[in-house]
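Here's a quick tour of one model, written for someone who likes to know the cut-offs. Have a look at the sequence and the coordinates first, then read on.

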Amino acid sequence: MVRTLECPNCGGTVELKYERTINAVCIQCLSVLDATNPSLQILQKFEGAKRYQPKIPLGTRGKLQGGQYEAIGFQIRQIEVDGVTYEWSEYLLHNPYKGYRYLTEYNGHWNDIRTLRALPVASSKGSKPSVIYGGKTYTHFQSASAVTAFVMGEFPWQVRVGDSVDIKDYVAAPESISSEETEGEVVWSIGRYTNGAEIWKAFGLKDSPPAAIGIYSNQPSPYTGRIASSWMTFTLLSLLLLLTVIGVAIVSPRDQAFRQTYTFSTGNTEPSFVTPVFALKGAQASLQVQLKTDLSNDWAYFGLALINDDTGTAYDFGKQVSFYAGSDSDGAWTEGNRSGSVSIPAVPAGRYYLRVEPEMEKDGRPRRMRYELTLQHGAPSYFWFVLGFLGLLIPPVVTSIRAFSFENRRWAESDYGALVQSSSGEDD
Amino acid sequence: MFRHPLFGLYGLLLIGASSVASYRGFSFTDVNTVQGVPKSVRDNPGVYRAIYSSYHRYSGGK
């Protein structure tokens, strides 16, 4: 039953809808009135400089968690951190059968809150305190002293502008548990992060909810579950890549197109020569030129040209091979390799010959080298699979970095600071 | 893969491209090619002027 009374301060009409209302606030002059007193005794006159307008007008009804709730009270609460004042809105909702619940809003982030029926158990998670409730661990996020800056509507408890409570927030997104302590009394509540669009829909509000700014303490990460699944996808694709490597290794032709052993001696004779013509068959593929020498403490350079006998197209390349060995105070040592290989990419089929021009040190001393020349057409290049593997790493690594960045930004607002401090020293 | 269809598609394309590139012997680096090498090179290999003929040889060792 609605009681209509007159505000003793401004003479405005004060409607009391609920029997359990203890304090009511005149919507005209914002005086806090004692609703238990028939003459509405003034408990506090409004002296604030700013008059706030609730985004959910008082008296609006909406359906939340299966119940019809009416917004009956509104307050603004503030905390001060490092000299900066942060404020959020709290809406008191009432359902005659289900009781009270609350909605809070900060920078477009909403929480649907109800008081706890059982006490959480104090615990710790790493270096941070935590509480356990319903088998779930909530990590301490922030402690602060919250001050009521503005009140409006009806409240089933004593409420004044300037009221102060010590708040501790514990988070396990998308939920959070808060304790509010005043003079020995502790009230625990649990909140669930809710989208503004859901609130707007529930209360049938016009326009659209304010856009959420930043990341809220219990805002669910969009990456939850995606890290593990993206790494799982990566594992499956990597296994597929491995099978493909094995498959390519099996089906690659690796045709030995040419193999011959030669001897080279320094002197006045023309060093260059050409091999007999050989055929490269099958599809376009790489040609691997392998050189095995008997060099010892010497080097040799091979000027090579693979020439198509029909078209006159030449692939011009070279390879140096050197091998040194000895011993000193550190023991035996070796440097270089007697063998070497060059891979010529994408060589089409055809009739080819190889022009070879060996070269060794020209210091007047006679030098002699025996070497074997082997040409293999169609040997796979495993470099591409390494590149493919690195490419497969990109999505899960990016997802992991984004997820970490999200959590870093979340915890940057906590008492503990960001998980990783920014090197630029910026403090936002 | 089913939770990440785009990643799955990207991965399959990557594996396919890697396989083709590996099998066909593609490379980022290109070997210098010379067109129109005369047949006479086979009879007189010394006339061929290799691009790398001025390459400086390493003559190191410890």
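## Around Leu58(A)

Let's start with a single side chain. Leu58(A) touches Ala71(A), Ile72(A), Gly73(A), Phe74(A), Met152(A) and Gly153(A), leaving aside residues up to four places away in sequence; contact here means heavy atoms within 4.5 Å. Leu58(A) sits in the loop between β5 (41–44) and β6 (61–64) of chain A. Strands are DSSP runs of E with at least two residues, helices are runs of H or I with at least four, and both are numbered from the N terminus.

Why is Leu58(A) counted as partly exposed? Because its relative accessibility is 27%, and buried means under 20% relative accessible area, exposed over 50%, and partly exposed in between (1.4 Å probe, protein chains only). Phe383(A) is 325 residues away from Leu58(A) in sequence and 68 Å away in space, C-alpha to C-alpha.

## What the numbers rest on

This is a predicted model: local features need pLDDT of at least 70, side-chain atom pairs count only at pLDDT 80 or more, and totals for chains, interfaces and linings use all residues. Residues are numbered from 1 along each chain as its sequence is written, chains are lettered from A and ligands numbered from 1 in the order in which they are written, and side-chain values use heavy atoms, with hydrogens and water left out.

## Strand β20 and its partners

Strand β20 (residues 285–293) of chain A runs antiparallel to β24 (residues 339–347) of chain A, with 7 bridges joining them; strands pair if DSSP finds at least two bridges between them. Gln290(A) stands opposite Ser341(A) in β24(A).

β20(A) is also joined by 7 bridges to β26 (residues 368–377) of chain A, again antiparallel. There, Val289(A) stands opposite Leu375(A).

## Where chain A meets chain B

On the contact count, 65 residues of chain A meet 46 residues of chain B. About 4700 Å² is buried between chain A and chain B, with carbon and sulfur atoms giving 62% of that; buried area is the accessible area (1.4 Å probe) that two parts lose on being put together, summed over both.

There are 2 salt bridges between chain A and chain B, each a side-chain nitrogen of Lys or Arg within 4 Å of a carboxyl oxygen of Asp or Glu. One of them links Lys39(B) to Asp309(A), with the closest N and O atoms 3.9 Å apart. Helix α2 (residues 226–251) of chain A gives the most to the side of chain A that touches chain B, with 12 residues.
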